[in-house]
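The entries follow the order in which I looked.

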Amino acid sequence: MNGYFRVYNGEEQTSVMLYPADKDGEPLDINEVVDYLGFRGIAYDLSAIHAAAKKLRDEPLEVRLHEGKGMPEQEMMKVRISGDNMAAYVRFYAPSNDGAVMDRSEIINDLKYRGVVFGIKEDALDAFLKKREYCKEFRIAEGKECDKGEDGRVDYQFNTDARIRPTLLPDGSVDFFHLNTINNCKEGDLLAKLIPPRPAVPGTNVKGQNVPVTQPKPKSLRFGKNVRISEDASEIYATVSGHIELEGERVSVSDVLMLTNVDNSTGDIDYYGSVQIGGNVCENFTVKAGGDVVVDGVVEGATIDAGGNVIIVRGMNGMGKGVIKAGGNVVSKFFENASVTSGGYVSSDSIMHSTVTARDTVCVGGRRGNIIGGRVCAACGVEVKNLGAAMGGDTIVEVGVDPGVKKRAMELQKEIVENTQIIKRAQPILSGAVEKLKKGIKLPEDQAMYVKNLNKVYNAKKQEIEDATSELEILNRQIENGGNAAVKVYEDVYAGTRIVIGDVSMVVKANVCHCRFVRERGDVKMQSF
């Protein structure tokens, strides 16, 4: 119980009893006593009250207020309403020894008089009436919170996670045959369906006032080539067999070009969709695809340029001239004497004497799991079993944010600001034209043409802002992850290996194992794990 006080009206004098708090209660606030006496108009000696408060310990203390018997004081309550009007609190004060207590109806009527008419908590009221505790705050009323509902959304009927990794088998090898990186579909397959918004419900505050709420936004289906939409615009279906592509929120289906080998019988390949090669890509040939490239065999000294992922099941011997460029992830059994650039992650069993750059991570696992020679750069980190070699060439591993990512993020921010300004300038003109049309005022031909063209620009800039914002969110996540980039080695690191994190570097002086390299206080530090 909290510390509290009570006025006592005696035959010859009026006094106030100060009661200490128990071990779980809050101590008596002497200012609360003074405020109460002043509000009730009871004369008191301030210095005597403060002196008694300093002595209040385990036993109640009586403080004389004035001579003569005072008037009976009824039990009193103070009401406090939160700033948002969603909760009300009461604090009760004891009646004098000859005063009356409040009953339930009096308390409720007093609350209503003070504006609290909704959400009165009967349990809190019962708790006080059962055990009257004074100088304690009770949460006596609660408003009804708004139900904000849910925005409409799109339920995709395929895997939208682009960060798929090869499966690590129990024997330590990596399964490069079942990667599930391509979302295959058949003609007529359901690709996505629209989930309508769940309506919002207004709330009510303790004063009985309606709390308004913004209704959730509906969603619409966005789709591209080889996709049809249902009559009620709630579902989209594939019109051809192929694989599904998701660019932002736009769904499309691309056919897959199936080849046995890329050699003299095919020449160079330049295809807008994805390419599936059942055999090998021979030396000096080029495979260019707008989607994914999957090679079940070996890539020799060839070039593969893909807008999506590149998967090479049996590996790549670049012969010093082999090149891989991928907008997405790159997965290969091994890389040797090759140049690899990935817009996502790189996963392999072995990287030897190659130049590998990834905007995400580089993971080298499996049975060998080694990086020997060459240069491996990854914006978000490198994980490898063995790094460098006792008799190998120079091995450099670099992690941190890709400078190109920061530059692109700044370009997008500038583009969003510029397009927003164009939209703001266009809005008053378009709104004025609409108002004139509503009033039946016909615009001159030249003005009508100007407004029509301006509306096209307005809609185009809105779409550009939406696309730029989506791309910027992805880049910001990459920048954030780059700050925590590290090199993690599960087995051995050989002397002579250079570790670069951001703009600082170190050369490993002696063989070490089971460690990770991080940037700490402007230096590269080695930590065990």
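**Aromatic rings**

I noted at the start that this is a predicted model. I then asked how many aromatic pairs the structure holds. The count is ten.

I picked Tyr36 and Tyr93 from these. Their rings are 5.8 Å apart, centre to centre, with 40 degrees between the planes. I logged the pair as tilted, because the class lies between under 30 degrees for stacked and over 60 for edge-to-face. Tyr36 sits in helix H1, residues 30-40, and Tyr93 in strand E5, residues 87-93. The two are 57 residues apart, so I marked the pair as a link between distant parts of the chain. Both Tyr36 and Tyr93 are buried.

Next I took Phe128 and Tyr134. This pair is edge-to-face, at 6.2 Å centre to centre and 75 degrees between the planes.

Phe128 and Tyr134 belong to one aromatic cluster with Tyr4, Tyr19, Phe92 and Phe138.

**Nonpolar cores**

I turned to the cores. The largest nonpolar core has 50 residues. Which residues have the most contacts inside it? They are Val362 and Phe517.

I listed the contacts of Val362, leaving aside neighbours within four places in sequence. Among them are Val346, Ile351, Val356 and Val376. Cys377, Ala378, Gly381, Val382 and Glu383 are in contact with Val362 as well.

**Salt bridges**

I moved on to charged pairs. Side chains of opposite charge can pair when their charged atoms come close. My count came to 25 salt bridges.

Lys121 bridges to Asp123, with the closest N and O atoms 4.0 Å apart. Lys121, Asp123, Arg139 and Glu142 are linked in it by salt bridges.

Glu249 and Lys219 form another bridge, with closest N and O atoms 2.9 Å apart. Where do the partners sit? Glu249 is in the loop between strand E17 (242-247) and strand E18 (250-254). Lys219 is in the loop between strand E13 (210-211) and strand E14 (222-223). They are 30 residues apart, and I logged the pair as linking distant parts of the chain. Glu249 has a relative accessible area of 30%, so I wrote it down as partly exposed. Lys219 is partly exposed at 32%.

I then checked Lys321 and Glu283. Their side chains meet in a salt bridge at 2.5 Å, N to O. Lys321 lies in strand E26, residues 316-326, and Glu283 in the loop between E21 and E22. The partners are 38 residues apart. Lys321 is partly exposed at 37%, and Glu283 is partly exposed at 31%.

**Two single residues**

I looked up Gly278 in the loop between strand E21 (274-277) and strand E22 (286-289). Its relative accessibility is 45%, so Gly278 counts as partly exposed. Gly278 and Val262 are 16 residues apart in sequence and 9.4 Å apart in space, C-alpha to C-alpha. Not counting residues up to four places away, Gly278 touches Leu259, Thr260, Asp296 and Gly297.

Last, I took Asp110 in helix H3, residues 104-113. Why is Asp110 classed as buried? Its relative accessible area is 17%, and buried means under 20%. Leaving aside neighbours within four places in sequence, Asp110 is in contact with Met77 and Met102.

Notes
Residues numbered from 1 in each chain as written. Predicted model: local features only at pLDDT ≥ 70, side-chain atom pairs only at ≥ 80, totals over all residues. Heavy atoms only, no water. Phe/Tyr/Trp six-rings, centres within 6.5 Å; stacked < 30°, edge-to-face > 60°. Helix = DSSP H or I, 4+ residues; strand = E, 2+ residues; numbered from the N terminus. Buried < 20%, exposed > 50% of the residue type's maximum accessible area, 1.4 Å probe, protein only. Contact = heavy atoms within 4.5 Å. Core = buried A, V, L, I, M, F, W, Y, C linked by side-chain atoms within 4.5 Å.
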